[in-house]
Amino acid sequence: MIKRLFYIIILVFCCNIQLTAKEKLVKCGGTFPYYYSENISLAEAKAKAVENAVIMALADQFGTTVTSQSLMEIADANERFAQMSRLQVKGTLVRHIHKPKISDPVYSDNTFAIEVTVEFYARELKYAPVEYSAKALRNGKEDKFESNTFVAGDKFYMSFVSPKEGYLAVFFEDRETASCMLPYVGDDNEPFHVEKDKRYLLFDVTNNTYHLSCGEEPEINYVHIIFSPYKFIDRDLTREMTCAKFRDWLGTRQSYDEDIQVESIMIRVNPARD
């Protein structure tokens with residue numbers, strides 16, 4: 001009986017070690033500024049500032065799904081947060097070590113500024129590594145036209161090659177909506193099948209070509225490329241959805257398909273100059 005109890009204790013101990021190792025918690029934190037205007041209440045600004053600080057700290061520690069251009073190039077702190085909040089951060093908050101510390105607001109040049117200090121434990125989110133090659137092409141169909149910077153009116157193409165056979169979807173996200181570019185309109189939302197090691201030139205078919213546009217100021221958009229060896233798109237696909245709904249849609253598919261690969265390419269569109 002004693003011997004059996006000894007083995008049970010050892011088994012429980014080993015299980016606890018495995019669970020702790022599996023969790024692999026990482027300490028994250030830092031102090032981050034947040035700027036807001038007079039039409040936002042202090043309570044709302046504080047909540048947004050804490051969210052901003054957590055996302056910034058997670059992105060600094062684990063990175064995001066964005067590729068090809070660094071978000072660090074964006075100097076404005078609020079703009080960088082706005083961009084990262086539209087992407088998948090490769091980590092998630094588990095629990096705060098200390099309650100976030102929020103400074104008193106400072107007013108200058110019609111803008112309030114507060115600083116938030118956070119310290120928390122986080123867990124890295126494991127996504128399938130991207131094995132395919134996807135390139136955004138500006139006004140040309142060969143890979144030598146790859147670019148992340150466009151001018152309003154430019155044609156947008158994309159080349160795609162995968163070492164595996166599978167299925168592909170592409171979404172274009174602006175500040176408000178995420179729109180499905182692939183499967184093509186008119187294909188009854190059937191998954192776009194790709195063969196392995198075959199180069200595809202996308203968005204060069206009738207009724208499915210794209211010219212990029214923007215307002216008077218430069219705009220940052222994202223092209224999300226989603227690939228899996230398995231079908232992950234249904235006939236009832238919503239071709240246009242809010243950014244939040246798109247993230248929920250994608251997260252649901254990632255939870256069911258551990259082989260799904262996601263790459264996000266940041267696209268900067270500048271106004272056309274006469």
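Let us start with Asp154, which is buried at a relative accessible area of 8%; buried means under 20% relative accessible area, exposed over 50% and partly exposed in between, with a 1.4 Å probe and protein chains only. The model is predicted, so local features need pLDDT of at least 70 and side-chain atom pairs count only at pLDDT 80 or more, while totals for chains, interfaces and linings use all residues. Residues are numbered from 1 along each chain as its sequence is written, and side-chain values use heavy atoms, with hydrogens and water left out.

Asp154 forms a salt bridge with Arg138, and their closest N and O atoms are 2.6 Å apart. The term salt bridge stands for a side-chain nitrogen of Lys or Arg within 4 Å of a carboxyl oxygen of Asp or Glu. Asp154 sits in the loop between β8 and β9 and Arg138 in strand β7, so the pair ties together parts 16 residues apart in sequence. Arg138, at 31% relative accessibility, is partly exposed. Strands (E, at least two residues) and helices (H or I, at least four) are DSSP runs, numbered from the N terminus.

By this rule there are 10 salt bridges. Another of them joins Lys141 to Asp204, with the closest N and O atoms 3.2 Å apart. Lys141 lies in the loop between β7 and β8 and Asp204 in the loop between β13 and β14 (210–211), so this pair ties together parts that are 63 residues apart in sequence. Lys141 is partly exposed at 39%, and Asp204 is partly exposed at 31%.

Now let us turn to the nonpolar interior. A nonpolar core is a set of buried Ala, Val, Leu, Ile, Met, Phe, Trp, Tyr and Cys residues joined through side-chain atoms within 4.5 Å. The largest one has 26 residues, of which Phe156, Leu168 and Leu202 touch the most other members. Elements giving two or more residues to this core include β9, β10, β15 and β17 (261–270). Beyond its neighbours within four places in sequence, Leu168 has contacts (heavy atoms within 4.5 Å) that include Phe160, Leu202, Phe227 and Phe232.

β15 pairs with β10 in the antiparallel sense over 7 bridges, where strands pair if DSSP finds at least two bridges between them. Here Leu168 stands opposite Phe227 in β15. β15 also pairs with β17, again antiparallel, over 9 bridges, and Tyr222 stands opposite Met266 in β17.

The aromatic rings come next, with 15 pairs in the structure. Rings of Phe, Tyr and Trp (its six-membered ring) pair if their centres lie within 6.5 Å; planes under 30 degrees apart count as stacked, over 60 as edge-to-face and the rest as tilted. Phe160 and Phe227 have ring centres 6.0 Å apart and planes at 40 degrees, so the pair is tilted. This pair links strand β9 (residues 155–161) with strand β15 (residues 219–228), across 67 residues. Phe160 is buried at 0%, and Phe227 is buried at 1%. The rings of Phe171 and Trp249, with centres 5.2 Å apart and planes at 55 degrees, also make a tilted pair. Phe171 is in strand β10 and Trp249 in helix α4, 78 residues apart, and both are buried.

Finally, look at helix α2 (residues 42–62), whose buried residues include Ala45, Val54 and Phe62. Val54 also belongs to a second, separate core of 21 residues. After α2 comes Gly63, which has a positive phi near 85 degrees.
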